[in-house]
Amino acid sequence: KMLEAYRRIFTRCGVNLLTIEADPELMGGDMSHEFMAPAQSGEDIVLVCPHCKIPRPFTAEEAQCPQCKVSLEKVNTIEVGHIFKLGTKYSAILGATFLDAKGQLNPLIMGCYGIGVSRLIPTIIEQNHDAAGIIWPHEVTPYQAVILPLDITDSRIMEVATSVYNELTQQGMGILLDDRDERAGVKFKDADLIGFPLQIVI
């Protein structure tokens, strides 16, 4: 369930993932999964079969997909999350128990779950951009829209812009009002660069 929950979280964040069953190593437990996001700037390498698309941890010895018998491709990635099924390894040692329905003590079943928030934002940007700038997914955008009054010296334009801003913010939306005294082209370019999902031009 946690594996699927994590996949849904990253999908909503607009992140394409490679999910790898990894060695728990020092953490111990039965199983762990790494969530690796393909990114040119990534420092971690994952091996992916071009046929079955199954990702595998990078090892110098492994050159072929054991199922498809074709060469594996190296993909640069950023690790954005990791989950460990620890089982009862630590709870048994620490005496962390619970009473079951029969009144018997049992060790807690533990897990360790992490999302690299500081890695997630640059990953989202790297996977969601074009030549003009960022393309924020709706679920994680800092602002839902920007209001662009093209002539701030026109009182009527500013009145409408301010009214729209107040109405939308009262509805709980994250809105930015660009009331700078700049040319329209500058405002449009900056709005594209920052990556507002919606531009309201007045």
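A pocket here is an open set of grid points where a 1.4 Å probe fits, with protein on both sides within 12 Å along at least five of seven lines. The model shown is predicted.

**Figure 1. The second largest pocket.** The space in this pocket is about 200 Å³. Its lining is made of 15 residues. Met2, Ile83, Phe84, Lys85 and Tyr113 are the ones nearest the pocket centre. By class, the lining holds 9 nonpolar, 3 polar and 3 charged residues. Rolling a probe the size of a water molecule over the atoms shows where empty space is left.

**Figure 2. Elements around the second largest pocket.** Four elements each give at least two lining residues: helix 1 (2–12), strand 2 (31–38), strand 5 (73–87) and strand 8 (110–115). Strand 5 gives the largest share, with 5 residues.

**Figure 3. The whole chain, for orientation.** The protein chain has 5 helices and 13 strands. Its radius of gyration is 24 Å, well over the 17 Å that the globule rule gives for 202 residues, so the chain is more spread out than a compact globule. Along the principal axes, the C-alpha atoms fill a box of roughly 75 × 55 × 25 Å. Of the 202 residues, 32% count as buried. The accessible surface comes to about 12400 Å², and carbon and sulfur atoms account for 55% of that surface. Take the contacts between residues at least 6 apart in sequence: 61% of them join residues at least 24 apart.

**Figure 4. His33 in strand 2.** His33 sits in strand 2. The relative accessible area of His33 is 12%, under the 20% cut-off, so His33 counts as buried. Beyond its neighbours within four places in sequence, His33 is in contact with Leu3, Thr19, Ile20 and Glu21, and also with Gly81, His82 and Ile83. Ile83 is also among the residues nearest the centre of the second largest pocket.

**Figure 5. Two lysines with positive phi.** Most residues other than glycine have a negative phi. Lys53 is not a glycine, yet has a positive phi of about 65°. Lys53 lies in the loop between strand 3 (44–48) and strand 4 (55–57). With 55% relative accessibility, Lys53 counts as exposed. Lys69 also has a positive phi, of about 60°, and is not a glycine. Lys69 lies in the loop between strand 4 and strand 5. The relative accessible area of Lys69 is 56%, over the 50% cut-off, so Lys69 is exposed.

**Figure 6. Thr153 and Asp181.** Thr153 is found in the loop between strand 11 (145–148) and helix 4 (155–170). Thr153 is exposed, at a relative accessible area of 64%. In sequence, Thr153 and Asp181 are 28 residues apart. In space, their C-alpha atoms are 8.3 Å apart.

**Figure 7. Pro137 in its loop.** Pro137 belongs to the loop between strand 10 (133–134) and strand 11. Its relative accessibility is 13%, and Pro137 counts as buried. Glu159 is 22 residues from Pro137 along the chain. The C-alpha atoms of Pro137 and Glu159 are separated by 30 Å.

Methods: Residues are numbered from 1 along each chain as its sequence is written. This is a predicted model: local features need pLDDT of at least 70, side-chain atom pairs count only at pLDDT 80 or more; totals for chains, interfaces and linings use all residues. Side-chain values use heavy atoms; hydrogens and water are left out. On a 1 Å grid over the protein atoms alone, a cavity is a set of points where a 1.4 Å probe fits but cannot get out, and a pocket is an open set with protein on both sides within 12 Å along at least five of seven lines; lining residues have an atom within 4 Å of a point. Grid points are joined across faces, edges and corners, and a volume is the space filled by probe spheres set on the points. Ala, Val, Leu, Ile, Met, Phe, Trp, Tyr, Cys and Pro count as nonpolar, Asp, Glu, Lys and Arg as charged, and the others, Gly among them, as polar. The radius of gyration is taken over C-alpha atoms; the globule rule is 2.2 Å times the number of residues to the power 0.38. Buried means under 20% relative accessible area, exposed over 50%, partly exposed in between (1.4 Å probe, protein chains only). Contact means heavy atoms within 4.5 Å. Accessible areas come from the Shrake-Rupley method with a 1.4 Å probe; for residues, only the protein chains shown count as cover.
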